[in-house]
Amino acid sequence: TRPAGPDLGLPVWFMYFTGLVEVGGAAALLAKGTVVGFAGAVLLAATMVVGTGIHLTHDPFYQALPALALTALLAWLALRPRATATPWLRSLRLG
């Protein structure tokens with residue numbers, strides 16, 4: 001595999017920032033069934049959407065399939081704890 005950053009037209013700091021976001025999201029997932037766990041799943045799903053987009057624009061389609069599968073799994077995790085997340089989302093008055 002090739003390193004992220006300059007080869008993809010992204011600054012090198014973006015690679016480290018992405019790693020911090022992923023570690024933070026994974027730590028938040030440990031608090032499953034809470035708003036923190038929901039936020040971690042949403043954060044990781046958003047990160048994977050960006051990663052999938054980068055794969056689709058720079059690599060053959062088949063190399064994006066694992067990223068697509070992980071995006072779907074994280075989206076499912078984000079939507080699953082509705083009992084915890086729904087009251088919090090309603091308090092934001094988004095919908």
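Mentor: Helices (H or I, at least four residues) and strands (E, at least two) are DSSP runs, numbered from the N terminus. This is a predicted model, in which local features need pLDDT of at least 70 and side-chain atom pairs count only at pLDDT 80 or more, while totals for chains, interfaces and linings use all residues. Residues are numbered from 1 along each chain as its sequence is written, and side-chain values use heavy atoms, with hydrogens and water left out.

Trainee: How many helices and strands are there in the protein?

Mentor: The protein has four helices and zero strands, giving the pattern α-α-α-α along the sequence.

Trainee: And how do H1 and H2 pack?

Mentor: Helix H1 (residues 12-29) packs against H2 at an angle of about 145 degrees, and their axes are 7 Å apart. Axes are lines fitted to C-alpha atoms, for helices over the stretch in contact, and angles run from 0 to 180 degrees between N-to-C directions.

Trainee: Which residues make the contact?

Mentor: Contact means heavy atoms within 4.5 Å. Among the residues involved are Gly-25 and Ala-26 of H1, and Gly-37, Gly-40 and Ala-41 of H2.

Trainee: Changing topic, what share of the residues counts as buried?

Mentor: Of the 95 residues, 23% count as buried; buried means under 20% relative accessible area, exposed over 50%, and partly exposed in between (1.4 Å probe, protein chains only).

Trainee: Where does Leu-56 lie, and why does Leu-56 count as partly exposed?

Mentor: Leu-56 lies in helix H2 (residues 35-58). Leu-56 counts as partly exposed because its relative accessibility is 43%.
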